[in-house]
Amino acid sequence: MPHRKVDAASHLEKVAEGTVTALAVSTVDGNVVWAGTDDGHVWVTQTGGSVWVNVDVPGRSEWVTRVEADPFSAGTGYVAYSGYHSGSRLPRIFRTVNFGASWTEISGDLPDVPLNCVNADPDPAMRGRLFVCSDLGVYVTDNYGLSWSALQTGMPRVVVLDLDLIESSRQLFAATHGRSMYVYDLNQLGPADA
């Protein structure tokens, strides 16, 4: 069988851009749904999907890794980006409080690695607490991203691809790339200081 030369970039030649990569339904108002795409676009509907409005974060074209609907306000949402495919290591996470009419960057002092997800703590006593997973583990903020801290108790610095916060048991599950799953008891954290 003859050896076939394969161009290293050929796997990207037929990539369909504009693919939806993230969805989030508001728990405050089920008609509010957020969507993000692999080319940086963000969309929101307030009508259960009959009308979608483009609410892009200005200047962003990276892969939207996660959109998150705020558990307390239908008009508040979060969007996390990864610049891995474009060669950027900078973390990018933004917050809106007006259905995407304007966005505030809340990346703060996160390390310079791509972000893979964002979760907002749904406990009313924890307003302002967000968790992000990154290529260096899990980080937490209690003040809507003004400052971030590593949530490292027992977990190595590994790529974390997804988080799942189980409200009833107050557990945060972290899915890593090749290092299994980790669980963190959120009762160990004090109240949010936002």
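**Entry 1: β6 and β7.** I looked up how strand β6 (residues 77-82) meets strand β7 (residues 92-96), and I found five bridges in an antiparallel run. Strands here are DSSP runs of E with at least two residues, numbered from the N terminus, and two of them pair if DSSP finds at least two bridges between them. Gly-77 has Thr-96 of β7 as its bridge partner.

A note on my source: this is a predicted model, where local features need pLDDT of at least 70, side-chain atom pairs count only at pLDDT 80 or more, and totals for chains, interfaces and linings use all residues. Residues are numbered from 1 along each chain as its sequence is written, and side-chain values use heavy atoms, with hydrogens and water left out.

**Entry 2: the sheet around them.** I then followed the open sheet, whose four strands come in the order β5-β6-β7-β8 with antiparallel pairing. β5 (63-69) and β8 (104-105) each have a single partner strand, so one side of each has no neighbour in the sheet.

**Entry 3: a disulfide.** How many disulfides does a search of the whole structure find? I got one, counting cysteine sulfur atoms within 2.5 Å as a pair. Cys-117 is joined to Cys-133, S to S 2.4 Å. Cys-117 lies in β9 (residues 115-120) and Cys-133 in β10 (residues 130-134), so the pair ties together parts 16 residues apart in sequence.

**Entry 4: β10.** I checked burial next (buried is under 20% relative accessible area, exposed over 50%, partly exposed in between, with a 1.4 Å probe and protein chains only). Five of the five residues of β10 are buried, so the strand is largely enclosed by the rest of the structure. Leu-130, Val-132 and Ser-134 point one way, Phe-131 and Cys-133 the other.
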